[in-house]
Structures are given as structure tokens and as C-alpha cells.
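Dear colleague,

Please find below the structure that I am handing over to you, together with its sequence. My findings are set out after it.

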Amino acid sequence: MGSNNTNQHVQRGLKNRHIQMIALGGAIGTGLFYGSATVVKMAGPAITLSYLIGGAIIFFIMRALGEMAVDHPVSGSFSEYAYQYWGELPGFIAGWNYWFNYVVVGMAELSVVGVYINYWFPDIPTWVSALICLVGVTLINMINVKVYGEFEFWFAIIKVIAIIGMIVFGIGMIVFGVGNGGQPIGISNLWTHGGFLPNGIQGVVMSLVLVMFSFGGVELVGITAGEAENPEKTIPQAINQVVWRILLFYIGAMGVILAIFPWIEMESTGSPFVQIFSHVGISSAANLLNFVVLTAALSAYNSALYSNGRMLYGLAEQGNAPKIFGKLNSAGTPVNAVLVSTVFTLIVVLLSYLNPEKVFLYLMSLATISIIINWAIILIVQLKSRKHKEQANKHILFKMPLYPIASYIGLAFLAAVVVIMAFMPDMRFSLYIAPVWLLCLYIGYKIKTTAQSK
């Protein structure tokens with residue numbers, strides 16, 4: 001099984017602050033800065049409720065992962081746990097599905113980097129910016145995990161400060177009328193335009209799909225377990241703090257924005273972020289936002305490449321990927337795994353220039369369904385691992401609350417999200433792809449087992 005020697009090689013260089021920022025960096029992406037208008041259109045002010053519901057489910061998923069990660073901190077994370085407690089095929093599917101998911105996420109983030117750079121330098125072709133960022137981030141990931149952790153920490157800090165700034169200025173406008181001639185805006189916008197639930201419960205239900213995708217990335221905490229300095233202490237801390245911080249940022253930021261701007265005017269006003277800063281009289285608000293979203297995209301790509309390298313390394317350790325990906329450099333970084341992930345991202349970037357609209361749509365559909373598969377696997381494997389540990393009378397350090405009800409609620413919720421997707425034309429496509437994708441992984445697994453048995 002070869003997982004025991006993992007811990008002697010991969011460097012444990014990540015502190016609690018690094019791990020928290022890696023997870024925050026994964027979950028707070030451009031969605032909050034730019035994409036919030038689409039979700040608001042669906043649910044109106046009740047979108048805050050959607051984030052609360054989604055956040056509660058994410059908390060259960062995170063705690064399920066945390067229970068296993070504290071007991072067995074390895075780089076392959078839940079692919080390793082699926083392999084151990086559920087079987088070889090689920091381990092294979094979990095690992096490759098996750099790896100693929102982050103190649104797509106990385107590519108999506110890279111594809112927008114060029115757009116942000118063009119805001120200041122319109123003459124630079126977008127593929128050039130994407131390529132420079134790809135090389136730069138790959139180099140950061142090649143050095144050692146401390147350097148990666150440090151970069152991610154500062155990338156994420158910029159996003160966090162920007163959101164806190166927005167919330168603080170927003171509260172200033174609501175309570176003291178800052179930027180509104182001293183006239184407090186108040187919070188009546190939360191219910192004056194068609195009520196708090198303008199599109200009824202249906203609006204909230206439909207918005208849940210996009211809300212869940214905006215939380216994608218929090219499970220990175222599990223991937224960092226293999227490189228945490230003191231996993232028993234840092235993983236539980238990071239998981240509990242990350243969940244409430246994400247909720248605070250999403251619900252706090254959305255609440256403030258919706259109190260200031262009538263939700264029916266959201267689309268026409270451009271980025272709510274720029275609006276708040278311009279209202280307060282910060283004229284360079286647009287430049288400021290562009291800088292923030294650029295670092296947000298780089299941070300998300302940095303996290304994606306990090307988790308890709310670790311997952312591929314974990315798969316090699318299990319014998320589910322070529323042995324060459326299990327090689328580490330002197331700093332304990334899985335260089336080959338990182339490089340191959342970069343090459344795949346590069347291929348996809350090239351593809352997206354040949355037919356940007358189509359390629360991007362297909363890949364994002366795949367990413368959306370693969371993140372749901374990942375979360376479902378985490379919950380199922382937690383149920384199996386707990387049963388296994390209880391039979392062996394093993395002490396569990398970081399127990400999942402409300403077990404097993406919470407796991408079943410989580411699984412039922414994810415199933416409901418898949419059903420809701422069938423009613424959304426943009427999302428329906430991924431439901432056709434999912435069975436094909438799982439079949440491809442199954443065929444890959446069969447090819448691997450046949451080759452190994454010869």
C-alpha cells in the first residue's frame with residue numbers, strides 16, 4: 001500500500017495560518033467579487049439564506065473529512081481513505097476525479113488572468129499572460145511547501161482584506177450615510193422590493209446549485225493534512241475556523257451589498273464591490289478591484305496546482321498512477337506530479353483558444369459534477385471508516401458531530417442539488433456527461449488492473 005513512507009518524505013511545513021488561508025483561498029474566488037449578481041437574480045435578498053444552508057452542509061462535509069484527516073494525515077487525502085475503507089475502485093475514481101476537477105479549475109482561473117491584465121495593458125495577448133502566470137505559479141509549487149504556503153497566505157490575505165474593507169465601508173453607508181451625504185441608507189432594501197423572498201422558496205432552491213459551487217475548494221484542508229506541522233491540532237482548528245469565516249464573508253458581504261443596492265438593480269450596476277468603494281469616494285475602486293480579482297485568480301490557480309500535485313502523488317503511492325509521479329525532490333515536493341498537472345492545464349488552455357466557448361462550457365460542466373462526486377465520496381467513506389474504527393474499538397480524535405444523521409443529510413442534499421441541476425438548462429449538460437465520465441474512469445481502472453496482473 002506504500003502510504004506509510006509518505007509521511008517520512010513529504011515535508012510537514014504548513015502552519016495553521018497557511019492551512020486556513022489555503023482553504024479560504026480555495027473557497028473565496030472570483031464568484032464573490034463578480035459572479036454574485038447572477039445568484040442574487042435567482043433568490044433576491046434570500047440569497048443570504050441559501051449561503052447559510054449551503055454553508056451548513058459544507059460544515060458537515062468538512063467535518064467528515066476532518067475526522068479521517070486527523071486520524072490518518074496523508075497527501076492523497078480522501079482518495080487514500082476511499083481506497084482504504086471502500087475499495088480499490090472508489091479510491092481510483094476519487095483520486096482521478098479530484099485531479100481532473102482541479103486541472104479544469106486551474107484552467108478556468110488561468111483563462112481569466114489575461115482579461116484582468118488587459119485592463120491595465122490592453123496590448124498583451126491573453127495567452128501570454130496565462131502562460132507567464134502558469135510558469136510562475138509552477139515554479140512556486142516546485143520549491144517547497146513552505147514557500148507555497150507563504151505565497152498562498154499573502155494571496156488570500158489580499159482577498160480577505162478587500163472583503164472586510166467592503167463590509168466595513170458598507171456598514172458605514174448603512175448606519176452613518178458615508179458616501180451618501182450623511183443620510184444613513186438603512187437596511188429596508190432587504191425587504192422593500194418584493195419582500196425578502198421575492199421569487200419564493202423556488203428561487204432559494206434554484207440558487208443552491210450555484211451557491212454550492214462557490215464553496216468548491218474548501219476540501220483542500222484534507223489535502224494539506226499530509227504536510228501540516230501538527231495535524232492533530234491544526235486540522236481541527238483550520239476546519240472549524242474556515243467554515244465560520246466563509247459564512248461570515250459570504251453572508252456578511254452579500255447582506256451588506258443587498259442592504260445598500262436594491263437587488264432588482266444589481267445586474268445593471270456592475271460589480272457591487274466597485275460600487276461600494278466608489279460611493280465612499282475611493283476613485284481608484286475599479287483599479288483596486290482589478291488587482292484583488294487578479295490575485296484571487298492567481299491564488300485559486302496556486303491552490304489548484306498544489307492539490308493536483310499532491311493528489312497525483314497520492315495516486316502513485318497507491319499504485320493507481322505511474323510510479324514516476326511518486327518521486328520527490330530534495331525539498332520533499334512531488335515535482336513530476338506538479339509538472340504533469342501543469343502540462344495538462346497547458347493543453348486545455350491551448351484547446352480553449354481553438355474553441356473558447358464550447359471547450360470552457362464542457363469543462364465547467366464536468367468540474368461541477370466532479371465536485372459533487374468528490375463530496376459524496378467524502379461522506380460515504382466517513383460512514384464506512386467510522387464503522388470500521390468502532391468495530392476495532394479505535395479512539396477517534398476529531399469526531400463528526402451528529403453522526404450518522406449529518407452524513408445522510410449531506411448525501412440527501414447533494415442528491416437534491418443534482419436533481420435541481422436537471423431543471424437548469426446551463427447545468428443539465430453536466431448530467432449527461434457524468435455517467436460517461438464515470439465510465440471512462442472505470443475503463444481506466446480496468447486497464448490498470450489488467451496491466452498489473454500480467
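Predicted model: local features only at pLDDT ≥ 70, side-chain atom pairs only at ≥ 80, totals over all residues.

Overall fold

The protein contains 18 helices and zero strands. Its radius of gyration is 22 Å, close to the 22 Å that the globule rule gives for 454 residues, so the protein is as compact as a globular protein of that length. Of the 454 residues, 57% are buried. Contacts across the sequence also deserve a remark: taking those between residues at least 6 apart, 83% join residues at least 24 apart.

A pair of helices

Helix α5 covers residues 47–71, and helix α12 covers residues 231–260. The axes of these two helices come within 10 Å and cross at roughly 170°. Because angles over 145 degrees count as roughly antiparallel, α5 is described as roughly antiparallel to α12. Sorted by class, the residues in the contact of α5 with α12 comprise 17 nonpolar, five polar and two charged ones.

Residue S341

S341 belongs to helix α15, which runs over residues 335–354. Is this residue buried or exposed? Its relative accessibility is 0%, and S341 therefore counts as buried, the cut-off for that class being under 20%. The side chain of S341 makes a polar contact, at 3.0 Å, with the side chain of W99.

Residue A422

A422 is located in a loop, between α17 (405–421) and α18 (425–453). With a relative accessibility of 31%, A422 counts as partly exposed, because this value falls between the limits of 20% for buried and 50% for exposed. Which residues does A422 touch, not counting those up to four places away in sequence? They are R428 and L431. A further value concerns A422 and Y432, which are 10 residues apart along the chain: their C-alpha atoms are separated by 9.7 Å.

In brief, S341 is a buried residue found in helix α15, whereas A422 is partly exposed and lies in the loop between α17 and α18.

With kind regards

Conventions
Residues numbered from 1 in each chain as written. Heavy atoms only, no water. Helix = DSSP H or I, 4+ residues; strand = E, 2+ residues; numbered from the N terminus. Buried < 20%, exposed > 50% of the residue type's maximum accessible area, 1.4 Å probe, protein only. Polar contact = N/O pair within 3.5 Å; in protein donor to acceptor, adjacent residues only side chain to side chain. Axes fitted to C-alpha atoms, helices over the stretch in contact; angles between N-to-C directions. Parallel < 35°, antiparallel > 145°, perpendicular 65-115°, else oblique. Nonpolar A, V, L, I, M, F, W, Y, C, P; charged D, E, K, R; others polar. Rg over C-alpha atoms; globule rule 2.2 N^0.38 Å. Contact = heavy atoms within 4.5 Å.
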